[in-house]
Amino acid sequence: GRIGGSKSPFVKERAVFSLIGRGPKACNEIPGDKCPIPWDYCCSPRNEITAHSVTVQVVDAKGMPVRTDIKGRWEIKELSELVVVGTVADVRGDAMVVNATGVHVTTP
């Protein structure tokens, strides 16, 4: 997936972020679109964004979210493509949280 889904897809001082699957298009993928924040996917309906999104929290050996900013590490930024290895920690309605034990950047 790609980092995005809101104006601020990263949680400050935590290795937590929103990841969007390949279903919806980021605004910069729509010809002629001039959206200044393409990673918020504002050009897609909210229900489509929700259906294709997950909250990822990189966890330590005890299963606790790592206390560090993930943005900037390994060149991770908005719209970076990642492969996440982990398990589903929680599902509530359309919201899903994944506890990640591995994050692999496919594009910076």
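Patches are made of residues with over 30% relative accessible area and no salt bridge, and nonpolar side chains are joined within 5 Å. The exercises below concern a predicted model.

**Exercise 1.** Determine which residues make the nonpolar surface patch, and state whether valine 91 is buried, partly exposed or exposed.

*Solution.* Begin with the patch, which is made by Val88, Val91 and Met96 and covers about 240 Å². Finally, take its relative accessibility of 48%, because of which valine 91 counts as partly exposed, the class that lies between under 20% for buried and over 50% for exposed.

**Exercise 2.** Locate valine 58, classify it as buried or exposed, and find which residues it contacts beyond its sequence neighbours.

*Solution.* First, valine 58 is found in strand β3, residues 53-58. Second, its relative accessibility is 17%, so valine 58 counts as buried. Third, when neighbours within four places in sequence are left aside, valine 58 is in contact with Ala15, Phe17, Met64, Pro65, Val66, Ile70, Ala100 and Val103. For alanine 100, the separation from valine 58 is 42 residues in sequence, while the C-alpha to C-alpha distance is 4.6 Å.

**Exercise 3.** Decide where serine 44 lies, and whether it is buried or exposed.

*Solution.* Start with the chain, where serine 44 sits in the loop between β2 (16-20) and α1 (46-51). Then consider its relative accessible area of 12%, because of which serine 44 is buried. Lastly, not counting residues up to four places away in sequence, serine 44 touches Pro24, Lys25 and Ile49.

Conventions:
Residues are numbered from 1 along each chain as its sequence is written. This is a predicted model: local features need pLDDT of at least 70, side-chain atom pairs count only at pLDDT 80 or more; totals for chains, interfaces and linings use all residues. Side-chain values use heavy atoms; hydrogens and water are left out. Helices (H or I, at least four residues) and strands (E, at least two) are DSSP runs, numbered from the N terminus. Buried means under 20% relative accessible area, exposed over 50%, partly exposed in between (1.4 Å probe, protein chains only). Contact means heavy atoms within 4.5 Å. Patches are made of residues with over 30% relative accessible area and no salt bridge: like charges are joined within 9 Å, nonpolar side chains (Val, Leu, Ile, Met, Phe, Trp, Tyr) within 5 Å. Accessible areas come from the Shrake-Rupley method with a 1.4 Å probe; for residues, only the protein chains shown count as cover. A salt bridge is a side-chain nitrogen of Lys or Arg within 4 Å of a carboxyl oxygen of Asp or Glu.
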